[in-house]
Amino acid sequence: MSLVSIVTGAIRMATSIVGFGSRMWFLPPFLAAFAYYNYDLFDPESRPINVQQLRPDYDFIVIGGGTAGSVLASRLSEVKEWNVLLLEAGGDEPEIADVPILSIYLHKSQLDWKYRTQPQPSACQAMTRLRLVGEFGNPGWGYNDILPYFIKSEDQRNPYLANNTKYHGTGGYLTVQDAPWNTPLGIALVQAGVEMGYEHRDINGEKQTGFALFQYNMRRGYRCSSAKAFLRPVRLRKNLHIALWSHVTKILIDPDTKRAFGVEFVRDGRKQTVLASREVILSAGALASPHLMMLSGVGPAEHLQEKNISVIHDSPGVGQNLQDHIAVGGIAFLIDYPVSVIIDRFFNLNTALRYAVQGDGPLTSSIGIETVGFISTKYANQSDDWPDIEFMMTASTTSSDGGTQTKKAHCITQEFYDEYFGSITKKDSFGIFPMILRPKSRGYLKLRTSDPKDYPLLYHNYLTHPDDVRVMREGVKAAVAVGETASMKRFGARFHRKPVPGCKQHTLFTDEYWECVVRQYTMTIYHMSGTAKMGPASDPFAVVDHELKVHGIQGLRVIDASIMPTITSGNINAPVYMIAEKGADMIKDLWLSTLKRRKRRSLKAIIPTHLGKSQRS
C-alpha cells in the first residue's frame, strides 16, 4: 500500500464519516500515520473477502454480519463439508471504527442504520425526535447450561481474571482486556463505590453487585469487533462466502410446506436469489429480524394483511415485547483538576502518533467510559445479588466536546444543550449515567409499508410502567451521592446543580423533580431485544422454541438478541455472543447427528448379509 493511497483513503474516510471541519483537522494525518506505521500489526488477519460470484445454493445462509451472524458464520464453516453464506447489508469496517475514542463519531454516520423511534410523551422530552436469558419454559437455557458458551468465546487478557477459569476463558476468538489508559477519575470512582459500602470486584464473576473498571473488546489498543474476532481469522476458508453490501429483502418460504428455502437480496442494485438446502438463520438484530419476518409473511396476521402481505404463518409475537436499557443523561460533576477527557486536549498530533505507532495513550479511551457500578435501589431485593441499576461512569460529560458530536449522538436539542450545558462547555468534569437493568415497560414495532426499503415504525414505550420511573429516580439519587464521597471531593467534585429545562416547576432534588429529569434526558443504550422471544408453543406470543427454531416454520431460526424473553441484567453484547455460540452448537448437533445416521444406514446397506450379527455390529 503506497503512502499516497493511505493519505487519500484517510481523507476520504474522515470526510465521509465525520464530516470533519476545523475541529477535526487532525484526522487525515492521524489516519495516514495509523495506517502507515501500524497497518500490518493492527490487522494481521487482513479483511474478509467480499465474494462476488456466489453459488446458487448453500447449506446454510446467515442473514446479518453483526455480533451473532459473525459467530455463526465462523462456527458453522468449521464443518468442512458445509457451504455457508453470510449476507451483510453493509461493508467492512473502516480504520476509524478501530479507534475507541472516535466511536462517538460513528453515530449518524454512513455506518449507522439511523433507526429512529416514534415520538412519545413518556420519555426523551429533551430530544429531537448475571441473571441472563432465563429459562421461562425453555429447557437448556439455565445458568449452568449457558455459562460454558460465555467462556468459549472469551480470550481474557487480564491474568488475574483469567486464572478464574470457572467464569473466564482464554484462547477464544474474542479478546477482552483492561483499558490500556485511564484517567485518575476511573480509579477514584471505584474507590467512591467502596466508600459507599460496595465491593471492588470482578462484576463478571461470582457476584455482580459492586464497582470495577470496565473491560473492553479490544486487541492491542484497537477495538475488537465481532467481524475482526470471528471472521477475519477464517477468511480463507473455501466453504465460507461473505457477501457485503447485500441487503436481504425477503426470506423465501414455501406457503404449502411452510419451509424456508432461500432468500432474496439486493446487491449492486440488482435483486438476486440464493437457496438454502438446510437452514436460513436470521441474525439481523432485534429490529431488522422481526422486520424481515413480517415482510416474509411471518407475523401478526391482521397487520400483515393491512400491508397487503400474504400471511404464511400467523405469529402475533413478532415485533412485540421490545425491550431496551435506558439511562439518564446530564448527571455531571465539575472538578478542579485538568484530568478529564476533553476532546481538544487529547486530540493532537502527539497523541495521534502515539496511538498510531504504539497503540496506547488517550485515544484508546472509550470516549471517557472508565468505571462500572452495579447497585440495588430500595426497590430491589436487598438480600439477593440482583442489582437493578448499572452506573456507567465517565471521565467526561456531554459538554466535554463543546456541544458537537455527543450532543448529536444523544439527540438532545440545541436549546436544551445551551441552557443546561452552556456554562460548563469544555470544562473539566465527570459524568454518571444510571441505567435501569430490568425495565418493565414494553414497546413494539410494526411495518410502515410492505417496501423493504422503508424502516419499520418503532414505539419504544420507555417509562410507561411507573416502576421504571421510580427505579431510575432512585438511581439518579445514588449517582449524585457518588459525587459527595471523599474520594471524589479530592478532585473538588461538585454536582452541576443547574435546573434541568422542562423541570423548573418542581422544587430541586425532590422526587417529583427527579422523575421529571428522568423523562427529559432519556438515553437509549442500544440494547434493543425481545422482539422474537423464545418460549414454548403454548405461549401464543413466543416466536421461537428453545432450539431457536421459528414456531410453525421449518428451516428457519432466529439467533440474536430478538430471542430474549426478558432483557439481561447487564450489557447484552456478551449474552448475544453466548446465544450465537449455543445456537451454532445446536445446529451442529442436529445436522451432524443426521449425517452420522445416514452414514450408518449406508454402511449397513453395503455389509454382506451372510455375515453374522456379531460381525456386522
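A salt bridge here is a side-chain nitrogen of Lys or Arg within 4 Å of a carboxyl oxygen of Asp or Glu. This is a predicted model in which local features need pLDDT of at least 70 and side-chain atom pairs count only at pLDDT 80 or more, while totals for chains, interfaces and linings use all residues. Residues are numbered from 1 along each chain as its sequence is written, and side-chain values use heavy atoms, leaving out hydrogens and water.

**Exercise 1. Find the residue that forms a salt bridge with Arg470, and say how many residues apart the two are.**

Step 1: The partner is Asp467, with the closest N and O atoms 2.6 Å apart.

Step 2: Both residues sit in helix H14 (residues 466-482), and because they are 3 residues apart, about one helical turn separates them. Helices are DSSP runs of H or I with at least four residues, strands are runs of E with at least two, and both are numbered from the N terminus.

Step 3: Now check accessibility, where buried means under 20% relative accessible area, exposed over 50% and partly exposed in between (1.4 Å probe, protein chains only). Arg470 is partly exposed at 31%, and Asp467 is partly exposed at 24%.

**Exercise 2. Give the strand order of the open sheet formed by 3 strands, and name its edge strands.**

Step 1: The order is S3-S4-S6, with mixed pairing. Two strands pair if DSSP finds at least two bridges between them.

Step 2: The edges are S3 (154-156) and S6 (215-216), each of which pairs on one side only.

Step 3: Strand S4 (residues 174-178) runs antiparallel to S6, and 2 bridges join them. Gln177 has Tyr216 in S6 as its bridge partner.

**Exercise 3. What share of residues 285-299 is helix, and what share is strand?**

Step 1: This stretch is 73% helix and 13% strand.

Step 2: Its end C-alpha atoms are 16 Å apart.
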